[in-house]
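Please look through the sequence and the model shown here before reading on. The report below takes up selected parts of the fold in turn.

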Amino acid sequence: MMLSTSRRRLLRAGALGGLALPFAGLASTVSAQGSTLTIAYNVDLPAFDPTVGASAVNPTIQSLYKSVFDQYIDQNPDLSFKPGLLTGWGWNEDRTEIFLEVREGALWHTGEPVTPDDVVWSLERAGDPDTGNPIQFVWSKVGNYRIDGNRITADVLAFEPTLFKWMAFLTGYVLPRRYFEEVGPDGFEAAPVGSGPYRVDAFERNAFLRLKAVPDYWGGAPAYETVIFKFVTDAVSRVAEIESGASDVTLEIPYDAFDRLKDRPGLAGVTTPVSDIAMIFLNDNDEIMQDRNVRLAAHHAINKQAIVDRLLRGYGVPIDTLQAPEYAAFDPTIRVPYDPDRAAALLAESGYGRDNPARFTIQTTRGFKPRDFEMIQAIVGMWRAVGIEAEIEVYEIAQHFELRARDALAPAAFYNWGNSIGDPSTSTGFAMFGPSPHSTWDTDDLDAMIGPLWGEPDEAARIAGYRAVDRYIAEQGYVIPLLQYVQPIVHRDDVVVTPHTANFLLPQLMRPA
């Protein structure tokens, strides 16, 4: 099969410690009316290399990466594709070769030009199984690169229908060959260099990242000279940051706080449906999740619309598959309805009930996404009503990635899945295919259905195949999709913020009013 990456590889280089760049201090309050923009951000930055380790496949960190590094192909806020460091790309007629056209005039933060050699080296490094790129199994499907001026051609070693989509997605970044080989991986972590709109000025782990604008950036100089990302993982603290004026922009706060703040004098708010979905992974390693009745009962017992209406104040869209409505394989006819009577009957078939409940642990973040912990509290209450007793275990998002890479998540684990390219392979495929480093479900029946779709050359057949997989997953209860998120952003009213459907919060898309 196409995917042979081990789960352990995802963790390699994922635990880097003690990094700190020169720190000159931060002002306690900074006005966006000046040249500095301060963002209260909801995650820390574990590592700078955007192509290896667990950070590389964390969708939430991509806003930080995209501020410093350029991707091969970029995306507009509506998720349509646009040129990045590549200005042209495509297949030959029989899809045995690809071509890439490299942008002229792009510069590394060292002042050296971005070259086709940098692009080839980045792609070859990404495809090397010893490098630690968690998407190596995609990048390794192209090889034998040839450079002619600013045009690159390469042979297709194994057809990958989503290759160019991946060039705008996780790990799809170009790095500077000469600089990286000169300083090595550790040196790059200590002093990262990209070609993006901002360069790294200072960094303190678990505290902040300070960036300086690149005035000669090929895409145009950013509006703010200095951008400070404060790492504020607690949602209540992010609310305090924006209320006190200590930060100019924040995101992912509780929706009641958003509604309260968005019309406050001096502040404004914006929401947009994003490509992230809330879901509950189920782990087939645990015996109780091998019981189809328990899995389906857990799904039927959840009143998703009530969660959206009551906890999220209407900000969300209930879903029953791992496809949001904007995804290519979304099928509205696949339904797993709220039916607590059906849930109780299924549990009774397996000998469970309120007097003898099915027991397992569910893991969740707390404050990473709006009302994430409260959502799981509500779900646990709904489960208890039908005969499931679940113990809640709180973890940080970084721990989720570590546990998932080792296939060591609890029987149930809450997560937000990001899929900015909207392809079913990067939702259902990677989340549910056993050999994938991102999956917690590993059974032959499902792998046999997903496996042939990785290289399916007929696009209509590929999409239809994934819809059939989604229907089968719903029938078997292999995962519990919950809802499509709506991203809340609150900002000073003298800052213009452009929201991004990929759930990015990009300072290069902000400007003074």
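Helices (H or I, at least four residues) and strands (E, at least two) are DSSP runs, numbered from the N terminus. The model is a predicted one.

## A buried glutamate in a loop

Glutamate 252 lies in the loop that runs between strand E11 (249–251) and helix H8 (255–261). Because its relative accessibility is 2%, glutamate 252 counts as buried.

Leaving aside residues up to four places away in sequence, glutamate 252 touches Asn42, Ala235, Arg238, Gly367, Phe368, Lys369, Pro370, Gln487, Pro488 and Asn503.

An open sheet is formed by 4 strands in the order E4-E5-E7-E6, and the pairing is antiparallel. Strand E4 (86–91) and strand E6 (142–148) stand at the edges with a single partner strand each, so one side of each is left without a neighbour in the sheet. From one strand to the next, the twist averages 20 degrees.

Within this sheet, strand E5 (residues 97–102) and strand E7 (residues 151–156) pair in the antiparallel sense over 5 bridges, and glutamate 97 has aspartate 155 as its bridge partner in E7. Helix H3 (residues 116–127) packs on the sheet, where H3 touches E4, E5, E6 and E7, and the direction of H3 makes about 175 degrees with that of E6.

## Where H3 meets H6

The axes of H3 and helix H6 (residues 177–190) come within 9 Å and cross at roughly 55 degrees; H3 and H6 are therefore oblique to each other. On the H3 side the contact is made by Asp117, Asp118, Trp121 and Arg125, and on the H6 side by Arg177, Arg178, Phe180 and Glu181. Sorted by class, the contact of H3 with H6 has 6 charged residues, 2 nonpolar residues and no polar residues.

## Where H9 meets H11

Helix H9 (residues 292–300) and helix H11 (residues 340–349) pack at an angle of about 165 degrees, and their axes are 8 Å apart. That angle makes H9 roughly antiparallel to H11, and H9 passes H11 in a left-handed crossing.

To this contact H9 brings Asn293, Val294, Leu296, Ala297 and His300, while H11 brings Pro340, Arg342, Ala343, Leu346, Leu347 and Glu349. By class, the contact of H9 with H11 has 7 nonpolar, 2 polar and 2 charged residues.

## Strand E12 and its partners

Strand E12 (residues 267–282) is mostly covered, with 12 of its 16 residues buried. E12 pairs with strand E17 (residues 479–492) in the antiparallel sense over 12 bridges, and in E17 the bridge partner of valine 270 is isoleucine 489.

E12 also pairs in the antiparallel sense with strand E16 (residues 412–418), over 7 bridges, and methionine 279 stands opposite tyrosine 415 in E16.

## Helix H13 and the residue after it

Which residues of helix H13 (residues 397–405) are buried? In H13, the buried residues are Ile397, His400, Phe401, Leu403, Arg404 and Ala405. Just after H13, aspartate 407 takes a positive phi of about 55 degrees.

How values were computed: Residues numbered from 1 in each chain as written. Predicted model: local features only at pLDDT ≥ 70, side-chain atom pairs only at ≥ 80, totals over all residues. Heavy atoms only, no water. Axes fitted to C-alpha atoms, helices over the stretch in contact; angles between N-to-C directions. Parallel < 35°, antiparallel > 145°, perpendicular 65-115°, else oblique. Left-handed = near helix turned anticlockwise from the far one by under 90°. Contact = heavy atoms within 4.5 Å. Nonpolar A, V, L, I, M, F, W, Y, C, P; charged D, E, K, R; others polar. Pairing = 2+ DSSP bridges. Buried < 20%, exposed > 50% of the residue type's maximum accessible area, 1.4 Å probe, protein only.
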